[in-house]
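Hi,

Here is the structure I promised to pass on. Have a look at it first, and my notes on what turned up follow below.

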2 protein chains.
Amino acid sequence: MIIPVKWSDEGVLMLDQRLLPTEEKWLTLRSFTEVADGIRDMVVRGAPAIGVSAAYGIALGAKNFVGTNIADLEDELDYVCEVIGKTRPTAVNLFWAIERMKRTFQKAKLEGKSVSEIKQILIEDAKAIHEEDIESQRLIAKFGGELIENDSTVLTHCNAGALATGGVWGTALGVIRGAVDQGKTVSVIADETRPYLQGARLTAWELLQDDIPVTLITDSMSGHMMQKGKVHAVVVGSDRIAANGDVANKIGTYMVAVLAKQHKVPFYVAAPLSTVDLNCPTGEEIPIEERNIREITHVQHIQLAPEGVSVNNYAFDVTPNEFVTAIITEKGVARKPFTESLRKMFEE
Amino acid sequence: MIIPVKWSDEGVLMLDQRLLPTEEKWLTLRSFTEVADGIRDMVVRGAPAIGVSAAYGIALGAKNFVGTNIADLEDELDYVCEVIGKTRPTAVNLFWAIERMKRTFQKAKLEGKSVSEIKQILIEDAKAIHEEDIESQRLIAKFGGELIENDSTVLTHCNAGALATGGVWGTALGVIRGAVDQGKTVSVIADETRPYLQGARLTAWELLQDDIPVTLITDSMSGHMMQKGKVHAVVVGSDRIAANGDVANKIGTYMVAVLAKQHKVPFYVAAPLSTVDLNCPTGEEIPIEERNIREITHVQHIQLAPEGVSVNNYAFDVTPNEFVTAIITEKGVARKPFTESLRKMFEE
């Protein structure tokens, strides 16, 4: 059972995903700045995992606050949230977790709690966010698993597994685990997901741990696999879903979605409602992170491209809702038109 | 001016493309088995370059033959052609060059030439194949360059440059060089082309040499670039074109073609007629090479994927003719229906 981020008395524990699959090393992050660095440097990644980590980072910032004045604590928390909010721009779960922790603080403050009580309340709420995340995934696994047919092969892009979430199920891999849990035989095709290789390094590793059959391909190979009839469904996670069902996810997702439509393969997105951003009317408004070009020009110290070449490194793309068959959340399966089906899930 | 394979008195000279872009090293291959190994191990790659190398390898096999009996030379050449013919299955130029060299031998034999005369004839014919290849590219560059608009950005996949051919122009990069030669401003987007990184290592290197602006992206990013309107045309090479215009080319080409159609971006294939296989009615009949999975699981000594994971490494895919806007050859620009337009080019 993989839980990539944990709260402990010494600080926030994170499995260093940069070292997988060859090394399993846990880091102990003892300050909120260390947690912020951990998110930015991708010790942990994946929208739900970033949300949980942000909540723990804020709780750690509160815990480490020295003083008894609530106004000072509030200033400190504003600063903590600002630092954590600047780590990664695309995953909305980050901002969702920050907003929730801020509301929890305001409520406790209004209720006249002391600084030490508020610290405890924030720690408890971060833990609750984590538990709720795992419970959401369990439900996503259940609802999504029902969509996967027996004896089928599912293609997934990037890692939307336990490693990308609070742990245990995962979102896209949760759907696959859910199907397996329901007694179905499922194989997975994982594309490697350049440049950061989350598919090769993380998804392949996770599924091997669970004895779920997995075949690794390059990102350029999924069209060929669909052409040969080897893919029966695509399931991916998401970093932010707009109100209309446009889906931001790891760069390359859009290509897989277009190919899935071309080959009449269902394209499912699995994500908790904390990934849905009703303030974003469409995918157009979702900011797309650009990352260091060294991720593309080098693998560790090995130079892959000539010195001085211009490089674009967009970390995400947006898949327009027309390519999305269904969005699987903890509230069930949303279908088109997503503007209505998603809004209804929030109202339930 | 890049010419990646050359004939010399010491043997066949090959620029070792496995070491680019960080090292420019020439190998001297002194026997046909060394040439066969060079083709198989991808010292040289790209369909036209494989054709030229095969011709030189056969010439070298003849040159190294010890004896004066023509029947023995014929046996030796049959063996040489068999060994060279088993190096790479997809590029038809390999078999085209073998057939041509065999015909040249038969003609010389019928004309009553001596062993030493035949050796010289085969060397001259290999050199002629090389020169004709460069001349074909010059014409492809001219015809293809006319299709590229001024101030446009062209996406290319893999390396169909001077490095992939007898040299100087290249096929897909020939089209780009042709457009530049015609006074047009053209920028190139090169995708890295996993697993072997011909885009990052070779195309980027070639274009930097020529001062043609080039931006490197991952293979997963071309959909996003098209979505953002940043790609005005796609040009690729080919390893084998079926009689109906189905195009086998580097794995991932099919994905780019589907996306180009989705975004109404013209998709051009540039290749000499020696790449067109009229004996293959459709792409279905083109054999697709599967290569060592270590190309995907490792970069040099660095392990990217977990031990024991199953991997598929298809080196090529087939783009059905419906996705191809035009095929640019040394005889001009073939358009749909390709069955007729390609056949006509052979008849001219």
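**What I found**

Let's start with helix 2 of chain B, which is mostly covered: 16 of its 17 residues are buried (under 20% relative accessible area with a 1.4 Å probe, protein chains only; over 50% is exposed, and in between is partly exposed). Helix 2 spans residues 47-63 and reaches 24 Å from its first C-alpha to its last, close to the 24 Å expected at 1.5 Å a residue. That expected span is 1.5 Å times one less than the number of residues. Helices (H or I, at least four residues) and strands (E, at least two) are DSSP runs, numbered from the N terminus.

Before going further, a word on the ground rules. This is a predicted model, where local features need pLDDT of at least 70 and side-chain atom pairs count only at pLDDT 80 or more, while totals for chains, interfaces and linings use all residues. Residues are numbered from 1 along each chain as its sequence is written, chains are lettered from A and ligands numbered from 1 in the order in which they are written, and side-chain values use heavy atoms, with hydrogens and water left out.

**Where the chains meet**

Chain B and chain A bury about 4,700 Å² between them, 67% of it on carbon and sulfur atoms; buried area is the accessible area (1.4 Å probe) that two parts lose on being put together, summed over both. Each chain gives 54 residues to the contact (heavy atoms within 4.5 Å). Across this interface there are 16 residue pairs in polar contact, both at pLDDT 80 or more. A polar contact is a pair of N or O atoms within 3.5 Å; within protein, one must be able to donate a hydrogen and the other to accept it, and residues adjacent in sequence count only if both atoms are side-chain atoms.

On the side of chain B that touches chain A, the elements giving two or more residues include helix 7 (198-209), helix 9 (253-262) and strand 15 (316-319).

The rule also finds two salt bridges across the interface (a side-chain nitrogen of Lys or Arg within 4 Å of a carboxyl oxygen of Asp or Glu). What is the distance between the closest N and O atoms of A:Glu192 and B:Arg194? They are 2.7 Å apart, in a salt bridge. Each residue sits in the loop between strand 5 and helix 7 of its own chain, so the pair joins two chains. Both A:Glu192 and B:Arg194 are buried.

**Salt bridges inside chain B**

B:Glu289 and B:Arg88 form a salt bridge with N and O 2.9 Å apart. B:Glu289 is in the loop between strand 11 and helix 10, and B:Arg88 in the loop between helix 3 and helix 4, so the pair ties together parts 201 residues apart in sequence. B:Glu289 is buried at 8% relative accessible area, and B:Arg88 at 4%.

B:Asp125 and B:Arg100 also meet in a salt bridge, at 3.0 Å from N to O. B:Asp125 belongs to helix 5 and B:Arg100 to helix 4, so this pair links parts 25 residues apart in sequence. Both residues are buried.

**One asparagine to look at**

B:Asn244 lies in the loop between strand 8 (240-242) and strand 9 (247-250) of chain B. B:Asn244 counts as buried, at 14% relative accessibility. A polar atom of its side chain lies 3.0 Å from the backbone nitrogen of B:Asp246. Beyond its neighbours within four places in sequence, B:Asn244 is in contact with residues including B:Pro281, B:Asn321 and B:Phe338.

Cheers
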